[in-house]
Amino acid sequence: MVQVTPTNRRDLLRAGAALTSVGAFVTGCGHTGTATAAPSPTTPTTPTTPAPTSPSASPERLPFQITHGPRAAASVALTFHGQGDPALADQLLGTAERHGARLTVLAVGSWLDAYPAMARRILDGGHDLGNHTQRHISINAMAEADARKEITDCAERLKRLTGSIGRWFRPSRAPTASPLVARLAAEAGYPHVLSYDVDSLDYTRPGAPAVTRKVLAEVTGGSVVSMHFGYPDTVAALPAVLQELNRRGLRAVTTTELFS
């Protein structure tokens with residue numbers, strides 16, 4: 001996985017410390033919500049919800065909670081909630097690789113416990129790997145100690161299996177992190193909370209054509225798309241999604257590449 005420089009990491013973690021004023025959002029994982037970026041560390045904070053901020057292409061200027069990348073980018077990030085049948089996951093990864101696409105997988109820790117080889121499979125394919133909590137339960141509704149454990153337990157699995165906790169964290173059962181969870185993620189070493197601006201709704205099992213239509217109707221340059229491992233509809237929809245992105249001149253890249 002691409003790593004940020006020590007200087008950038010220090011800057012990013014300083015940005016993460018400004019998290020306490022970010023508004024809380026509690027919705028189902030995969031349901032569309034409004035992701036609000038944290039204010040710049042140089043901007044005075046108030047108890048009210050800060051105005052949304054669009055990330056720039058410069059890593060040190062990214063907001064802590066990210067919804068999408070630069071709109072001028074000729075690329076998008078397809079991000080996957082990592083759990084479910086590993087055979088389907090491997091099939092999906094293989095499809096992406098044959099099309100020259102690279103994905104971002106936010107893995108559930110308990111899934112990595114059950115299928116530890118998937119961690120190296122994802123990284124060896126050139127994809128990003130990050131943290132989607134240990135048990136995939138509603139983390140924004142949890143007490144502080146329990147929420148911290150959800151983040152750090154998954155981070156420990158990632159570290160043990162790959163040597164890194166990964167750059168990206170996505171809260172479970174919510175598109176964005178509450179102020180508490182955002183602070184705990186920063187303390188665990190995650191410079192960003194990764195949200196999304198396109199929800200494929202593939203977890204509702206609408207059929208591959210519906211997944212394809214939903215993504216392609218909303219995706220644009222810089223989009224971060226939420227999808228899931230473990231659903232045959234998603235595997236079946238991916239070739240058509242990638243072909244149309246290519247026709248539009250949009251490359252599917254890792255989240256790290258989108259923001260580099």
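**Exercise 1.** List the buried residues of helix 7 (residues 208–218) and state what covers them.

*Solution.* Start with the residues themselves: in helix 7, A208, A210, V211, T212, K214, V215 and L216 are buried, where buried means under 20% relative accessible area with a 1.4 Å probe, protein chains only. Helices here are DSSP runs of H or I with at least four residues, and strands are runs of E with at least two, numbered from the N terminus. Next, look at the cover, which includes strand 7 (198–199), strand 8 (224–228) and helix 8.

The model is predicted, so local features need pLDDT of at least 70 and side-chain atom pairs count only at pLDDT 80 or more, while totals for chains, interfaces and linings use all residues. Residues are numbered from 1 along each chain as its sequence is written, and side-chain values use heavy atoms, with hydrogens and water left out.

**Exercise 2.** Describe the largest nonpolar core and find what F229 touches.

*Solution.* A nonpolar core is a set of buried Ala, Val, Leu, Ile, Met, Phe, Trp, Tyr and Cys residues joined through side-chain atoms within 4.5 Å. The largest has 54 residues, and those with the most contacts inside it include W111 and F229. Helix 8 (residues 232–247) gives the most to this core, with 6 residues. Leaving out residues up to four places away in sequence, the residues that F229 touches include F80, L92, W111 and I122, a contact being heavy atoms within 4.5 Å. A second, separate core of 12 residues includes L106, L194, Y196 and V224.

**Exercise 3.** State what share of the protein's residues is buried.

*Solution.* Of the 260 residues in the protein, 57% are buried.

Notes: Buried means under 20% relative accessible area, exposed over 50%, partly exposed in between (1.4 Å probe, protein chains only).
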